[in-house]
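Here are my notes on the model. Please read them with the structure open beside you.

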Amino acid sequence: MRMIMFPYGSDCEPIIRHAGLLDANYKIAALVSPGGWGLAGKEITMKNSRVALPIYERIQDVTEEYDTLFIPSFDTLDEEVENRLVDEMLNMISDLLHIVCVANLTDKNRKKLQDACYMENVLCNFLYFAEDKGPEIYGLTEPIEKYPSLQTLDVPVIIVAGEWEKTDKFEVSLALRERFLREGYRVSQVGSRNGCEMFGFHSFPHFMFHKEVDAIDKIIYFNRWIVQMVKEEQPDLIMITIPGAMQNFNEQLTRGFGVLHHQVFQAVIPDIFVMCTFYMSADEDALEELSRICQYKFSVPVDAYHMSNLLIDINESEAQRQIITNSIYRKSVSKAIVENGSDSSIPIFNMLEQEDCDQMVEMILEKLTPKDVQIVF
């Protein structure tokens, strides 16, 4: 499938940078970002091929050949904006063979796309979290006992979590996957986004969001799903990236209270825990306190940090009752880590830098295996 990605936003950057990890059936042909999003006219470079893709403002401006529309997840609190974007998609359906959608559209817009695809004989595939898919979809059909027990894993587990949303969890997980695969390791992986199957691994299971599945049952089901995955895939290591925020920010900004993180850490004990944070100028005290919080909440300290380039605006966040961030230059993150974080007891990385990625992988392998033993899982 030669895919045109629309609407392209900054959250899509990891997909393009790590496009070399995409299943061979998918090829990114063009990017289109709506006017006003601030990205049209720019370019983004694929990490491995170093090919730069231009970002168009209008679908009509695309000169590359494509046969598939890829609709990524996008944030809009205005349903009218979503309606306008979907109307633009409807205008191009006659030129398509496929639609792959990982955006959680409204029921009305999803039906409009499905009906239009049916009329034009276009294959339409929706890949997104859905609360109506229970554990039986994943082959977990055995009833849970009255006093259930967890099953242990015999392979190393890496968990990637985020202090809050949009702190580069997906980017970090793809960077680690790319590096481990290059080293020849078999990696079973669970991603934090919809459509991870396009990269050859699993999206976060739907039953963890199912309102009618008991909270305790979710822990047992997740544990058994991971154990089942290990039996089927025989990996050298497992990597799990947890969606959402690890805890509430304050009384107003709760964002799930970190319940999903608690369930995952109860179901699977990690050997390595990587935390993605807001930009903190590599504040040692703040990062050590965050690790202590994780120790108290999840019984696991942080092994390594990735620092994002998002700086939280406290006053504006409290005024608008949602997290408001400002971005800084990525190079400033690396500079802060070198100048202020070199003495930190917990290593800090900027995983968008290849050198930092290599160093984190070396650190992980060193923690997982004795220094005087050959690395074999």
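1. Lys166 sits in the loop between E8 and H4. Labels follow DSSP runs numbered from the N terminus: helices are H or I runs of at least four residues, strands are E runs of at least two. Lys166 has a positive phi of about 65 degrees, although it is not a glycine. Its relative accessible area is 44%, so Lys166 is partly exposed. Buried here means under 20% relative accessible area, exposed means over 50%, and partly exposed lies in between (1.4 Å probe, protein chains only).

2. A word on the source. This is a predicted model, in which local features need pLDDT of at least 70, side-chain atom pairs count only at pLDDT 80 or more, and totals for chains, interfaces and linings use all residues. Residues are numbered from 1 along each chain as its sequence is written, and side-chain values use heavy atoms, with hydrogens and water left out.

3. Asp168 also lies in the loop between E8 and H4. Asp168 is not a glycine, yet its phi is positive, at about 80 degrees. Is Asp168 buried or exposed? It counts as buried, because its relative accessibility is 15%.

4. Check the peptide bond from Phe6 to Pro7. It is cis, with omega near 0 degrees. Pro7 belongs to the loop between strand E1 (2-5) and helix H1 (13-17).

5. Next, Ser173. This residue is in helix H4 (residues 169-182). Its relative accessible area is 0%, so Ser173 is buried. Leaving aside residues up to four places away in sequence, Ser173 touches Gln189, Met239 and Thr241. Contact means heavy atoms within 4.5 Å.

6. Phe201 is placed in the loop between strand E9 (187-191) and E10. With a relative accessible area of 3%, Phe201 is buried. Which residues does Phe201 touch, not counting those up to four places away in sequence? They are Phe170, Leu174, Arg177, Gln189, Val190, Gly191 and Cys196. Lys335 is 134 residues from Phe201 along the chain, and their C-alpha atoms are separated by 34 Å.

7. Now the H2/H3 packing. Helix H2 (residues 79-92) and helix H3 (residues 107-120) have axes that come within 10 Å and cross at roughly 5 degrees. H2 is therefore roughly parallel to H3. Axes are lines fitted to C-alpha atoms, for helices over the stretch in contact, and angles run from 0 to 180 degrees between N-to-C directions. Angles under 35 degrees count as roughly parallel, over 145 as roughly antiparallel, 65 to 115 as roughly perpendicular, and the rest as oblique.

8. Who meets whom? From H2 come Glu79, Glu82, Asn83, Val86, Asp87, Met89 and Leu90; from H3 come Lys108, Asn109, Lys112, Leu113 and Ala116. By class, this contact of H2 with H3 has five nonpolar, two polar and five charged residues. Ala, Val, Leu, Ile, Met, Phe, Trp, Tyr, Cys and Pro count as nonpolar, Asp, Glu, Lys and Arg as charged, and the others, Gly among them, as polar. Asn109 of H3 counts as buried, because its relative accessibility is 0%. Beyond residues up to four places away in sequence, Asn109 touches Glu82, Asn83 and Val86.

9. Compare the H5/H6 packing. Helix H5 (residues 215-233) packs on helix H6 (residues 259-267) at an angle of about 50 degrees, with axes 8 Å apart. H5 and H6 are therefore oblique to each other. The contact uses Ala215, Lys218, Ile219, Phe222 and Asn223 of H5, with Gln263, Val264, Gln266 and Ala267 of H6. Its classes are five nonpolar, three polar and one charged residues.

10. Finally, the aromatics. A search of the whole structure finds eleven aromatic pairs. Rings of Phe, Tyr and Trp (its six-membered ring) pair if their centres lie within 6.5 Å; planes under 30 degrees apart are stacked, over 60 edge-to-face, and the rest tilted. Tyr138 and Phe207 pair edge-to-face, 5.4 Å centre to centre, with 80 degrees between the planes. The two are 69 residues apart, with Tyr138 in the loop between strand E7 (123-126) and strand E8 (157-162) and Phe207 in the loop between strand E10 (202-203) and H5. Tyr138 is buried at 16% relative accessibility, and Phe207 at 0%.

11. Tyr138 also pairs edge-to-face with Trp225, at 5.7 Å centre to centre and 80 degrees between the planes. Trp225 lies in helix H5 and Tyr138 in the loop between E7 and E8, so this pair ties together parts 87 residues apart in sequence. Ring pairs link Tyr138, Phe204, Phe207, Phe209, Tyr221, Phe222 and Trp225 into a cluster.
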